[in-house]
Amino acid sequence: MMLQQAHTAAMALGLALSGMTSCSAFSFSRQSLTKTPLSSVARFSTILDKTDNEPNTDEGSLSEMPTAWECNEEAECAEVPACDEVNCRTSLDVRIHGKWYDLSGWRKAHPAGPHWIDWYDGRDATDVMDAFHTQKGREMYKRLPASAPATAAILDASVAPYSQTEINFRKLRDDLESNGWWERDYVHEAKLLGIWASLVAGAALTADSAQPLSVLLLGLAMTNAGWLGHDYIHGVDKFSAAMRPFAAIAAGLGPTWWSDKHNKHHALTNEMGVDEDIATDPFLFAWAPDPKHDSPLRKIQHWIFFVPFSFLFALWRVDTLKVAVDSVELKRPDAKGELWYLLAHYFALLTFFPFEVWVPAVFLSGLMSAIIVTPTHQSEEFFEDYQPDWVTAQFKSTRNAVMTNPFSEWLWGGMQYQLEHHLFPSMPRSKYPKLKPILTKFAEENNVPGGYRESGEFEILFMNWDLYKKVAEADPVPGAPYSRGNGQLGAIDLGTSPGAGGVGLGKLVTAKN
């Protein structure tokens with residue numbers, strides 16, 4: 001079922017049958033294949049060894065020994081002697097726009113972390129690559145070393161070819177880029193930032209004289225700051241780069257944590273065991289679980305959903321601080337600066353707002369944010385397996401919400417256009433309303449299953465509540481996928497996610513294996 005396993009098996013079979021002379025990053029001859037024990041950083045690597053009777057080449061040259069690639073952050077790579085596979089990847093092949101690249105040397109230099117590269121070993125990453133990277137980044141990958149021709153041929157035979165929907169989507173993306181859809185409307189941005197600043201000022205001015213009003217204004221400001229920061233972290237323009245720290249300063253949410261968690265949700269939407277956004281058990285279950293992963297809370301989840309919803313922002317803040325500290329220790333890019341931004345946020349929060357204002361505001365903001373982000377995906381299809389057609393998967397796993405009034409249109413922060421956002425996450429959200437008819441037509445012309453899905457804002461909220469009710473009333477299902485580990489390389493418990501192993505008190509109320 002897993003394409004990575006097919007990757008390794010196919011390579012072994014191909015080598016045995018074709019007498020392949022090189023594999024991935026290695027540059028010496030050998031017809032037999034030996035597989036080293038797999039490690040946490042080299043789960044699907046293979047190594048080729050020289051035979052004792054194989055003739056030697058020039059003494060001391062790199063061709064006498066296994067070689068690998070070592071790359072810097074500019075994707076400039078050099079061939080070096082291969083290190084011990086326990087300590088580094090020695091084979092990692094990813095397809096981008098029809099060509100296979102050896103990314104074994106690039107994974108450590110990748111600014112967003114090596115885990116992103118690992119998830120796509122033996123897979124195609126074209127649309128994910130295009131969705132999240134700047135124009136510079138989308139040119140950099142072309143400098144990376146190509147996979148060995150024989151390796152690429154074997155992998156092509158094991159990976160699904162591009163669907164016509166994928167091909168047409170890439171044409172659509174190119175057309176939108178050439179027509180300026182990624183150009184930011186600075187007047188619109190000024191309005192949104194002005195609203196946020198007004199809410200913060202109002203909350204500060206009423207913090208002592210009218211605390212309930214202050215809580216409401218600060219909660220709205222926190223939610224608004226989250227949506228603005230969300231847009232800037234996704235963005236690929238210069239303005240977004242300058243505003244990237246906004247989420248940390250205004251909402252207490254770190255860009256590194258956000259990217260690790262949220263971008264994986266975009267890349268592997270509604271994939272059970274991989275997408276952390278649907279791993280809300282043991283407090284809320286989106287499907288009937290295996291008995292060993294069940295919780296007594298499931299039977300009443302449709303009556304208490306607002307309680308875990310309210311904790312959303314608080315958990316995000318705790319996870320952010322954990323990731324920020326870990327990032328400093330791991331020397332990730334901009335980690336120290338990000339930690340200072342977070343400290344500045346809490347200094348301002350604790351200075352201008354009393355405990356009885358900012359604490360309720362955090363929980364109010366969590367409730368509003370969860371009500372907005374949850375139904376647009378949980379109302380749609382879940383996937384037990386990896387979805388190679390990323391474009392179709394986004395249509396099948398996403399439902400938009402149609403707003404009924406201007407306040408809701410502002411409050412939802414662009415998340416009502418969830419499909420537009422998932423297909424074009426780096427596009428400024430101000431463009432999404434005009435993109436709707438284009439995607440509706442695209443779905444019709446490409447016969448996308450389910451088409452362009454949307455429901456009214458209250459209807460979609462009821463659909464989500466009704467899902468919780470049905471799951472609460474269902475019996476547990478032996479063998480049902482676990483939300484934090486479903487055999488995928490990118491499963492939450494196997495990755496770098498702060499959600500690994502569950503969160504907080506969840507471990508205490510979950511039945512033990």
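**Exercise 1.** Which residues is Glu166 in contact with, leaving aside its neighbours within four places in sequence?

*Solution.* The model is predicted, so local features need pLDDT of at least 70 and side-chain atom pairs count only at pLDDT 80 or more, while totals for chains, interfaces and linings use all residues. Residues are numbered from 1 along each chain as its sequence is written, and side-chain values use heavy atoms, with hydrogens and water left out.

Step 1. Apply the contact criterion, heavy atoms within 4.5 Å. The partners of Glu166 are Asp127, Pro161, Pro388, Asp389, Trp390 and Val391.

Step 2. Classify the residue. Glu166 counts as buried because its relative accessibility is 3%; buried means under 20% relative accessible area, exposed over 50%, partly exposed in between (1.4 Å probe, protein chains only).

**Exercise 2.** Describe the largest cavity and its lining.

*Solution.* Step 1. Define the term: on a 1 Å grid over the protein atoms alone, a cavity is a set of points where a 1.4 Å probe fits but cannot get out, and a pocket is an open set with protein on both sides within 12 Å along at least five of seven lines; lining residues have an atom within 4 Å of a point.

Step 1. Take the count, 3 cavities of 30 Å³ or more, and the volume of the largest cavity, about 130 Å³.

Step 2. List the lining. It has 18 residues, with Val128, Tyr386, Gln387, Pro388 and Trp390 nearest the centre. Helix 3 and helix 18 (390-396) each supply at least two of the lining residues.

**Exercise 3.** Describe the largest pocket.

*Solution.* Step 1. The largest pocket holds about 1400 Å³ of space. Of its 45 lining residues, His110, Pro111, Ala112, Phe132 and His133 are the closest to its centre.

Step 1. Helix 11 gives the largest share of this lining, 5 residues.

Terms used: Points joined across faces, edges and corners; volume = space filled by probe spheres on them. Helix = DSSP H or I, 4+ residues; strand = E, 2+ residues; numbered from the N terminus.
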